[in-house]
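Please look at the chain below and follow how its parts pack against one another.

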Amino acid sequence: AGVAFQREMERKAARMGGGNFTVPVQRLTDFMEGRPSVSAPPSSFVSAGVKPAACHAIYPAPIVTALRDAVVHAFEKQMPGFLCDEALLHGVETRTSSPVRISRDPSTLEAVGTRGLFPAGEGAGFAGGIVSAAVDGMTISEAVLETLHADTNNSTRRWTRTKGIGFAY
């Protein structure tokens, strides 16, 4: 059901953008008022281009309501001035994490039963986005170096595992 929902949102956004990887955008003020953006948007980081649209029409009403509430009660409070005509919503960014996780030995981080294989990142089930995948990649690179240098008694470990999430350097 989740993947079907994701695909539906992606298809709506693709149609709004014109089907050529142009990204539909909506001024935040228009999103809050429930009206489509029709004027040329401010410059955007998207190299394929952007097209004014009614991004609020991509999502079901409960999601739109939750986003509007978050803008008013979270974003605007943490970043006064966030709610303005220059703020753009780009629709839609979705991601799917791996539905499986390859087991890792907790002490070596190698795949259980396969010496020298270090499962890492989103595809191996250890991350849910680009930042956590990068952090997991750093962790695995340290484990690989440690394994490569284990015979020389010259440990390269610069981190220690903590009981919580993350590592202490």
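A13 touches P24, I58, G91 and V92 when residues up to four places away in sequence are not counted, where a contact means heavy atoms within 4.5 Å. This is a predicted model, in which local features need pLDDT of at least 70 and side-chain atom pairs count only at pLDDT 80 or more, while totals for chains, interfaces and linings use all residues. Residues are numbered from 1 along each chain as its sequence is written, and side-chain values use heavy atoms, with hydrogens and water left out.

A13 also belongs to the largest nonpolar core, which has 11 residues, among them I58, M9, L28 and F31. Such a core is a set of buried Ala, Val, Leu, Ile, Met, Phe, Trp, Tyr and Cys residues joined through side-chain atoms within 4.5 Å, and buried means under 20% relative accessible area, computed with a 1.4 Å probe on protein chains only. Two or more residues of this core come from each of α1 (2–17), α2 (28–33) and α3 (61–78), and the largest share, three residues, comes from α2.

P24 lies in strand β1 (residues 23–27), where five of five residues are buried; V23, V25 and R27 are on one side, and P24 and Q26 on the other. Helices (H or I, at least four residues) and strands (E, at least two) are DSSP runs, numbered from the N terminus.

| Partner strand | Sense | Bridges |
|---|---|---|
| β2 (residues 50–52) | parallel | three bridges |
| β3 (residues 88–90) | antiparallel | three bridges |

Within these pairings, the bridge partner of P24 in β2 is K51, whereas V25 stands opposite H90 in β3.

Key: Buried means under 20% relative accessible area, exposed over 50%, partly exposed in between (1.4 Å probe, protein chains only). Two strands pair if DSSP finds at least two bridges between them.
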